[in-house]
Amino acid sequence: MIEIRFGNLSFEKGISLPENGSISVDLSGHAEWGAKGTDIVCAAASVLAHTLVVSVHRSTGLVRDLKDSEGNLSVTIDCPGRNNPARETLRAMIEFFFTGMAELASQ
């Protein structure tokens with residue numbers, strides 16, 4: 001099973017970023033859909049996660065820490081203040097990632 005943990009995010013009324021500090025996204029595990037190295041569900045989850053990291057980095061420059069090893073990805077992203085236009089960009093990218101992962105899980 002693939003586990004996704006979000007740190008310092010609120011999901012009560014949509015996705016809400018914290019007022020300050022950082023957020024974290026951690027993925028680990030295996031989908032167990034196919035053999036390791038050929039699992040298309042793991043590949044899809046990996047693509048979504050890496051797209052989130054690369055997109056946030058290129059669009060906002062807010063990626064602070066990234067650890068990526070076989071089967072595990074952990075990223076810390078600085079959270080911009082309320083008046084920073086990058087805040088809405090980051091929120092939208094996280095929502096895109098969350099939607100993609102939820103759709104993958106449902107299928």
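Which residue in β4 is the bridge partner of Asp68?

## Model and confidence

The structure is a predicted model. The protein has an average pLDDT of 94, and 100% of its residues score at least 70. Confidence is lowest in β3, where the mean is 95, and highest in β4, at 97.

Leu73 is the bridge partner of Asp68 in β4. The two strands involved are β3, residues 63–69, and β4, residues 72–78, which pair in the antiparallel sense over six bridges.

Two residues lie between the strands of this hairpin, and Gly71 takes a positive phi near 85° there.

## The sheet

Strands of a sheet pair through backbone hydrogen bonds, in either a parallel or an antiparallel way. Here four strands form an open sheet in the order β1-β2-β4-β3, and the pairing is antiparallel. Its edge strands are β1 (2–7) and β3, each of which pairs on one side only. From one strand to the next, the twist averages 5°.

Besides its pairing with β3, β4 pairs with β2 (residues 22–29) in the antiparallel sense, over seven bridges. Within this pairing, Val25 has Val75 in β4 as its bridge partner.

## The helix on the sheet

Helix α2, which covers residues 86–106, packs on the sheet. The strands that α2 touches are β1, β2 and β4. The direction of α2 makes about 20° with that of β2.

Technical notes
Residues are numbered from 1 along each chain as its sequence is written. This is a predicted model: local features need pLDDT of at least 70, side-chain atom pairs count only at pLDDT 80 or more; totals for chains, interfaces and linings use all residues. Side-chain values use heavy atoms; hydrogens and water are left out. Two strands pair if DSSP finds at least two bridges between them. pLDDT is the predictor's confidence in each residue, from 0 to 100. Axes are lines fitted to C-alpha atoms, for helices over the stretch in contact, and angles run from 0 to 180 degrees between N-to-C directions. Contact means heavy atoms within 4.5 Å.
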